[in-house]
Amino acid sequence: MDRESIVSRLKNLTEESPREFGIMTPQHMVEHLILTVKLSYGRIQIPEFEPNEKQLMQKQALIYSDISFPRGIRAPGIGDQLLDLRFSDLDTAKLELLKSLDDYSTYFTSNPEAKTVHPRFGKLTHQEWELFHQKHFEHHFGQFGI
């Protein structure tokens, strides 16, 4: 992931940025990305599991193909309700996202062979997380036209 591109695009995100799809506010979207990044470097841990055949097919389609994340896809375990906001404002959440990205980079620099658990796909390598994050960030940045 290109950190400078992320920084540049985040500068264009405000509380008033219009949503093109979905139910998240700009701050909910940033906080959702924070959680996902923290999952990817093990800061937030979920139990290990073996993905079923359907999950393996989804992993193959979403990570190893050129298709974009479909609009309306639901994050595992979240459902139709927005999570409570954890940060006082959008700018604070943006700073935490950038910190989380730095921590992610540091973790995989120190642990290049590590595999951490994705809530839908099971254990992913650093390269698989990179592919996932690129598409995931594009999906959510596109949600607000940034």
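Start by selecting helix α4, residues 90–110, and colour its buried positions: L90, A93, K94, E96, L97, L98, S100, L101, Y104 and F108. Buried here means under 20% relative accessible area, with exposed over 50% and partly exposed in between, using a 1.4 Å probe and protein chains only. Helices (H or I, at least four residues) and strands (E, at least two) are DSSP runs, numbered from the N terminus.

Before you go on, bear in mind that this is a predicted model, where local features need pLDDT of at least 70 and side-chain atom pairs count only at pLDDT 80 or more, while totals for chains, interfaces and linings use all residues. Residues are numbered from 1 along each chain as its sequence is written, and side-chain values use heavy atoms, leaving out hydrogens and water.

pLDDT is the predictor's confidence in each residue, from 0 to 100. The protein averages 94, and 97% of its residues reach 70 or more. Confidence is highest in α4, at a mean of 98, and lowest in helix α3 (residues 53–63), at 93.

Stay on α4 and show what surrounds it. Its buried residues pack against α1 (3–11), α2 (26–40), β1 (115–118) and α5; contact means heavy atoms within 4.5 Å.

Next, select α2. Of its 15 residues, 14 are buried, so the rest of the structure largely encloses this helix. Just after α2, click on G42, which takes a positive phi of about 80 degrees.

Now go to I6 in helix α1. At 6% relative accessibility, I6 counts as buried. Leaving aside neighbours within four places in sequence, I6 is in contact with M1, L98, L101, F137 and F141.

H140, in helix α5, is your next stop. H140 also counts as buried, at 6% relative accessibility. Show M24, M29, H32 and L33 too: these are the contacts of H140 once neighbours within four places in sequence are set aside.

Finish with α3 and α5 (residues 126–143), whose axes come within 10 Å and cross at roughly 70 degrees. The axes are lines fitted to C-alpha atoms, for helices over the stretch in contact, with angles from 0 to 180 degrees between N-to-C directions. The two helices are therefore roughly perpendicular, the label for 65 to 115 degrees. Pick K59, A61, L62 and I63 in α3, which meet E128, L131, F132 and K135 in α5. The residues of this contact divide into five nonpolar, three charged and no polar.

Note on methods
Parallel < 35°, antiparallel > 145°, perpendicular 65-115°, else oblique. Nonpolar A, V, L, I, M, F, W, Y, C, P; charged D, E, K, R; others polar.
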